[in-house]
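User: I've just opened this one and could use a guided look. Can you walk me through it, question by question?

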Amino acid sequence: MTTMPDAPDRADEFTMLTVVRHPLIQHKLTLLRDRTTPTKIFKELVDEIAMLMAYEATSDLTLEPVEVETPLESTTGQRVSGKKLTLVPILRAGLGMVEGILRLIPSARVGHIGLYRNHDTLEPVDYYFKVPGDAAERDFLLLDPMLATGGSAASAVASLKRAGATRIRFLCIVAAPEGVRRLTDAHQDVQIYTASLDRGLNASSYIVPGLGDAGDRLFGTR
C-alpha cells in the first residue's frame, strides 16, 4: 500500500506545527519532488511555494487603521502595524525562498545565517551570522526548504535569540517528524510552517520521500 508523504494525524502531534495544505502549494510540491524537474523549474517552484506559504505565516500580523485619499473621497484602510519583518535564510538552500517572499513583502529586511552539517557527526557548524541590529524589535521568518534532523534550525534559532530576537517563525517546504520534534523541544515558542510533514529520515538523515538535496537541486551541483 502506498504511504502518503504526510498524514494529518501525525501533524496533530505537534502543537507548534502548521501544515499548509493549499491546493496550489500541494500541486507545486509534487512537481518539486519529481527527480526529472530541471534546476530552472526547481528554483521557480521553491520561489512560488515560499511566496504562497508566506501568506499563511503572516496571517496574524496586527493591523492599524490609516486614512487615505482615493481619487473620489477619503476612506479608512488598514496597514500592518509597526512590525519590522526580517527574512533570514539559512545558507545556502534558504536563499531560494527569499525572492518570492520579498515580492510579497518588499519592505522586509534580509539577514543571513551560514550553517553546514558535519557529515560525520550530523551536527550543525556555524560560519556566518548577520542580521539587523534591532533584533528585539523585529519579527523574523527563518527560511530553509528542508527541516530534516532539526539541528541546523535549532542552532539558527539559538543564534537569533542570542542577538535579541524574541519573535521567530520557521518556514520550510518539507519536514521530517524528527526535525520538528528537535526544533520544538529546543524552542517551544517557535511556530513551524511546512508544506508537508514527510514520513521520516533514512539512514543518511535525508527526508523520505523528500525531494533530495535542496541546495544541490537549486544551484545545479547535484
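User: How many bridges join E10 to strand E12?

Analyst: Quick heads-up: this is a predicted model. Strand E12 covers residues 191–194, and E10 runs parallel to it. The number of bridges joining the two strands is three.

User: And over how many bridges do strand E8 and E10 pair?

Analyst: E8 takes in residues 138–143, and its pairing with E10 is in the parallel sense. Here Leu143 sits opposite Leu171 in E10. The bridges between E8 and E10 number five.

User: How many residues of strand E10 are buried?

Analyst: E10 spans residues 167–171, and it is mostly covered. Buried here means under 20% relative accessible area. Out of its five residues, the buried ones number four.

User: Which residue in E5 is the bridge partner of Leu87?

Analyst: Start with E4, which pairs with E8 in the parallel sense over six bridges; there, Leu87 stands opposite Leu141 in E8. E4 is also joined by two bridges to strand E5, residues 109–110, and those two run parallel. In E5, the partner of Leu87 is Val110.

User: Why is E4 largely enclosed by the rest of the structure?

Analyst: It comes down to the cut-off: a residue is buried when its relative accessible area is under 20%. E4 has eight residues, and it is largely enclosed because the number of them that are buried is seven.

User: Is Thr194 buried or exposed?

Analyst: Thr194 belongs to strand E12. Leaving aside neighbours within four places in sequence, its contacts include Leu17, Val20, Met53, Cys172 and Ala175. Its relative accessibility is 0%, so Thr194 counts as buried.

User: Which residue's backbone oxygen lies 3.1 Å from a polar atom of the Thr194 side chain?

Analyst: Thr194 sits in E12, and the atom on its side of this pair is a polar side-chain atom. The backbone oxygen at 3.1 Å comes from Ser196.

User: What is the phi of Ser205?

Analyst: Ser205 is in the loop between strand E14 (200–201) and E15. With 10% relative accessibility, it counts as buried. It isn't a glycine, yet its phi is positive, at about 65 degrees.

User: Where is the peptide bond from Val208 to Pro209 on the chain, and what is its omega?

Analyst: Pro209 is placed in the loop between strand E15 (207–208) and helix H7 (214–219). The bond from Val208 to Pro209 is cis, and its omega is near 0 degrees.

User: What is omega for the peptide bond from Leu91 to Arg92?

Analyst: Arg92 lies in the loop between strand E4 (84–91) and helix H4 (98–104). The bond leading from Leu91 to Arg92 is cis, with omega near 5 degrees.

User: How far apart in space are Gly220 and Phe42?

Analyst: Gly220 is in the segment after H7, and it is partly exposed, with a relative accessible area of 46%. In sequence, Gly220 and Phe42 are 178 residues apart. In space, C-alpha to C-alpha, the distance is 9.9 Å.

User: What accessible area do Tyr116, Tyr127 and Tyr128 have together?

Analyst: Take Tyr127, which is found in strand E7, residues 124–130. Its relative accessibility is 47%, so it counts as partly exposed. Along with Tyr116 and Tyr128 it forms a nonpolar patch on the surface, and the accessible area of the three together is about 350 Å².

Methods: Residues numbered from 1 in each chain as written. Predicted model: local features only at pLDDT ≥ 70, side-chain atom pairs only at ≥ 80, totals over all residues. Heavy atoms only, no water. Patch = residues over 30% accessible without salt bridge, like charges linked within 9 Å, V, L, I, M, F, W, Y side chains within 5 Å. Areas by Shrake-Rupley, 256 points an atom, 1.4 Å probe, with all protein chains shown as cover. Salt bridge = Lys/Arg side-chain N within 4 Å of Asp/Glu carboxyl O. Buried < 20%, exposed > 50% of the residue type's maximum accessible area, 1.4 Å probe, protein only. Pairing = 2+ DSSP bridges. Polar contact = N/O pair within 3.5 Å; in protein donor to acceptor, adjacent residues only side chain to side chain. Contact = heavy atoms within 4.5 Å.
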